[in-house]
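Here's a quick tour of how this chain packs together. Take a look at the model first, then read on.

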Amino acid sequence: GPMPEERLVAPETRAEAEAAEAALELGPTARQQIQQDLTVLGYNTRGIDGIFGEGTRSAIASWQRREGLRPTGFLDEGGIALLRAAAEIRSAALATAAEQARREAEQADAEFWRATGANGGEADLRAYLARYPEGIYAAEALAALDRLEAAAREAAAAGDRAAWEGAQARDEVS
């Protein structure tokens, strides 16, 4: 039989590559993982359905070409491991970028709050809520507006009472 070292040599022909992949007996879950990995790396497999059609074969070949491998469109164990590692690195980079974007958005929210709503003025509270309706300080802004509106209603009621009492004192009430 073949020496173990010979198995590490890249398949020379498409038929050999196809046979090497077939020998792995990849199930639907393994195939979907490969499609997911290719997608994360920016290759369009035309779906993550566990079926290796023209889209997936083309994506594999494009990835192989970029990696300096023979672009057969078929994967062996080493190729799958390389693809998985590359996708994990890319996923981690994407997660880091998403976390950085989240932190920057939070910082912008907090800075806008300090410039507006934190001073408690109605117009500024409304400006904050207009920009950040689900913002970090949205509940605080809504509560402050509720207090302002309650105070305005009380002041209006007190004003009405004072006007009524003044009119009564002048005996102008009919």
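α3 and α4 are oblique to each other, a label for angles that are not under 35 degrees (roughly parallel), over 145 (roughly antiparallel) or 65 to 115 (roughly perpendicular). Helices here are DSSP runs (H or I, at least four residues), numbered from the N terminus.

This is a predicted model, where local features need pLDDT of at least 70 and side-chain atom pairs count only at pLDDT 80 or more, while totals for chains, interfaces and linings use all residues. Residues are numbered from 1 along each chain as its sequence is written, and side-chain values use heavy atoms, with hydrogens and water left out.

Back to that helix pair: the angle is about 55°, and the axes sit 10 Å apart. Axes are lines fitted to C-alpha atoms over the stretch in contact, with angles from 0 to 180 degrees between N-to-C directions. Here's who makes the contact (heavy atoms within 4.5 Å):

| Helix | Contact residues |
|---|---|
| α3 | Arg31, Gln35, Leu38 |
| α4 | Thr56, Arg57, Ala59, Ile60, Trp63 |

Asp109 sits in helix α5. At 5% relative accessibility, Asp109 counts as buried (under 20% relative accessible area, with exposed over 50% and partly exposed in between, using a 1.4 Å probe and protein chains only). Beyond four places in sequence, Asp109 touches Tyr128, Tyr132, Gly135, Ile136 and Tyr137.

Note on methods:
Helix = DSSP H or I, 4+ residues; strand = E, 2+ residues; numbered from the N terminus.
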